[in-house]
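What follows is a short walk through a structure, from a pairing of strands to a space inside. Please have the sequence and the model at hand.

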Amino acid sequence: MRSGDIFLSQLEIPVGEIYSSMGFRNVSPDDETRRVTESLLNEASVWVHPCFEYILMGGECRKEDVCLGDVTFNTGLVIAGQLRRSGSFVVFVWSVGEGWRQWMRLVSDRGDVLQSYVADCIGSQIVESTADFMEKRLHEYLYQSGLGYTNRFSPGYCGWSVSQQPLLFSLFPDGHPCGVTLTESCLMMPEKSVSGIIGIGADVRRMPYTCNICTMDKCLRRRG
């Protein structure tokens, strides 16, 4: 198992993506929104320290299942199909960390609705940038061995029920990777966290997300 903390300075955090998540897709944000965003990004660099944990496991794919050790995930046809050529799997959790929750309480106490909204959008982008950061490190590691890797897939997407989160968390030694806990409805706390699996093998590669055959119409990967 590997784990660690990340400084925001190590991440690529595209401000344009933050603005887009606020609704500024085809227009430029106003000066006040820019000022608040820049100020909060500077604050976040002091408070927020994303973290990650991942383990490498052998396993196999069946028609609609991914089997890792004694644990079987019913991922559905879409995900199992994408992972079927994998010889091993990375099981991961990455999170904005506890510092983000402390910072959000500080921002919330100011009673400024705009600041709270912008900070929430920043948190979403930080966890996405953390995921991209870890994928790049995975690529560098696997490239030397001539291995490829698949897209990352998470419970709650493409037919994989979020109710299987506890099974995924059970694969980690203490059951709370990155200090993340699960609610009764299987949501992660801090909520700005990502969990899932990535397939590894000589005959696998990243593919465009199969939005045309996925039934989830509110996925962040969907662009149309």
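In this predicted model, strands S2 and S6 are paired by 8 bridges and run antiparallel. One point to look for along this pairing is Glu53, which faces Val93 in S6.

Strand S2 also pairs with strand S1, made of residues 2-5; the two run antiparallel, with 4 bridges joining them. Here Gly4 is the residue opposite Phe52 in S2.

The next subject is empty space. Rolling a probe the size of a water molecule over the atoms shows where such space is left. When the whole structure is searched, 1 cavity of 30 Å³ or more turns up. The space in the largest cavity comes to about 50 Å³.

Which residues line the largest cavity? The lining is formed by Tyr54, Val90, Trp94, Met134, Leu138 and Ile198. Two or more lining residues come from strand S6 (88-95), and two or more from helix H5 (113-143). By type, the lining has 6 nonpolar residues, with no polar and no charged ones.

Note on methods:
Residues numbered from 1 in each chain as written. Predicted model: local features only at pLDDT ≥ 70, side-chain atom pairs only at ≥ 80, totals over all residues. Heavy atoms only, no water. 1 Å grid on protein atoms, 1.4 Å probe; cavity = no way out; pocket = protein on both sides within 12 Å on 5 of 7 lines; lining within 4 Å. Points joined across faces, edges and corners; volume = space filled by probe spheres on them. Nonpolar A, V, L, I, M, F, W, Y, C, P; charged D, E, K, R; others polar. Pairing = 2+ DSSP bridges.
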